[in-house]
Amino acid sequence: MQIGFAVPQYGVFADPDFIRRASADLEAMGYHSLWAGDRVLVPLEPSDRYPGGDGEIPPAFTRFFDPLAALTLAAVSTRDVRLGTSALNALWQPPVVLARALASLDLLSHGRLDVGIGLGWLRDEYTATGVPWRGRGRRLEETLDLMEALWADKVVEHEGPLWTVPPSHVDLKPFQHPRPPILLAGFTPAALERVGRRADGWLGAAMPPAYLTSLWEVALRAAERAGRDPSALRMVVRVNPVITDAPAPADRVPRAGTVRQLAGYLLGLTELGVHEAFVDVQPAESSQARFMEVAHELIGLLRAG
């Protein structure tokens, strides 16, 4: 199983100099990948509760560095580490614009990009970006159709319910052929069915093992029905822990616990068939120095098994 870490991106970590420095240091430590998330605002009275912890949106989310800009800084500061979005809310911008930005980042990084896409959970952000909340699944399907055409076809032509592209030359193509890997987030049967039918993998999250594996089985069965190879799919799990000094009760791990407890949880994910996991400590930390200390201690414990 590969191990990644979050790109510094929000709260006190939304600092371009720290993003560059930390990205280089995380690669030097031996992390396989760096991941960026996506938020645009924190309403004073949110339309929806945050899907984690006590339901309150982390205060650090009020300052959020653009995910593709953060990964660009990471790309120019590193050489080999993979760069992923978990998850990019792809519906907030037109597919022709997003496809260009992602192709540019894949070229800039010499083919190190993993495109992780989600639908989000906060209706207020859809309102603010002028995108309808209803019909998100259908909008995502057409977004994927159009981006794949833009990345692969010599002459691009598209006519769908939402977008029309006349026969056109769009010669900027990704470094990776025919496109960067696409990973889809989501926890509903429809979301997991879409993963199996048309994605390269699933962006999951830390959850009880039985629930995690049951969702993964939905994706694998959907891949079989679509005539695809289920073994080619990747499962990537995000972990957002609160790091504690004293050991947390077992039923609180990995939501909370020491770095050693977190390392033990990550090692256990290999038995569930997880291909990659990454850790994001930003919601619960407020020190750049502590961010790096946790990353250094964690990778050392994982190497020691």
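**Inside a predicted single-chain model**

Buried residues make up 51% of the 305 residues in the protein chain. The model is predicted.

Start with the overall form. The protein chain holds nine helices and 13 strands. Its radius of gyration is 19 Å, close to the 19 Å that the globule rule gives for 305 residues, so the chain is as compact as a globular protein of that length. Along the principal axes, the C-alpha trace spans about 60 × 40 × 40 Å.

Now the surface and the charges. The accessible surface of the protein chain is about 13,900 Å². Carbon and sulfur atoms account for 53% of that area. The side chains include 30 positive and 36 negative ones. The centres of these two sets lie 2 Å apart.

Next, the interior. In soluble globular proteins, nonpolar side chains tend to be buried together. Here the largest nonpolar core has 81 residues. Phe5, Leu26, Tyr31, Leu102, Leu266 and Leu298 touch the most other members. Helix H9, residues 288-304, gives the most to this core, with eight residues. Another core lies apart from it and has eight residues, including Ile57, Ala60, Phe64 and Leu122.

Leu102 is then in contact with Leu68, Leu88, Leu113, Val115, Met147 and Trp151.

Turn to Val237. This residue sits in strand E10, residues 234-239. Its relative accessibility is 0%, so Val237 counts as buried. What does Val237 touch, not counting residues up to four places away in sequence? Its partners are Gly204, Ala205, Ala206, Leu212, Leu269, Val274, Glu276, Ala277 and Phe278. A comparison with Val7 sets sequence against space. Val237 and Val7 are 230 residues apart in sequence. Their C-alpha atoms are 15 Å apart in space.

Finish at helix H6, residues 189-198. Its buried residues are Ala191, Leu192, Arg194, Val195, Gly196 and Arg198. An α-helix has 3.6 residues a turn, so residues three or four places apart point the same way.

Notes:
Residues numbered from 1 in each chain as written. Predicted model: local features only at pLDDT ≥ 70, side-chain atom pairs only at ≥ 80, totals over all residues. Heavy atoms only, no water. Core = buried A, V, L, I, M, F, W, Y, C linked by side-chain atoms within 4.5 Å. Buried < 20%, exposed > 50% of the residue type's maximum accessible area, 1.4 Å probe, protein only. Helix = DSSP H or I, 4+ residues; strand = E, 2+ residues; numbered from the N terminus. Contact = heavy atoms within 4.5 Å. Rg over C-alpha atoms; globule rule 2.2 N^0.38 Å. Areas by Shrake-Rupley, 256 points an atom, 1.4 Å probe, with all protein chains shown as cover. Lys, Arg positive; Asp, Glu negative; His and termini not counted. Charge placed at Lys NZ, Arg CZ, Asp CG, Glu CD.
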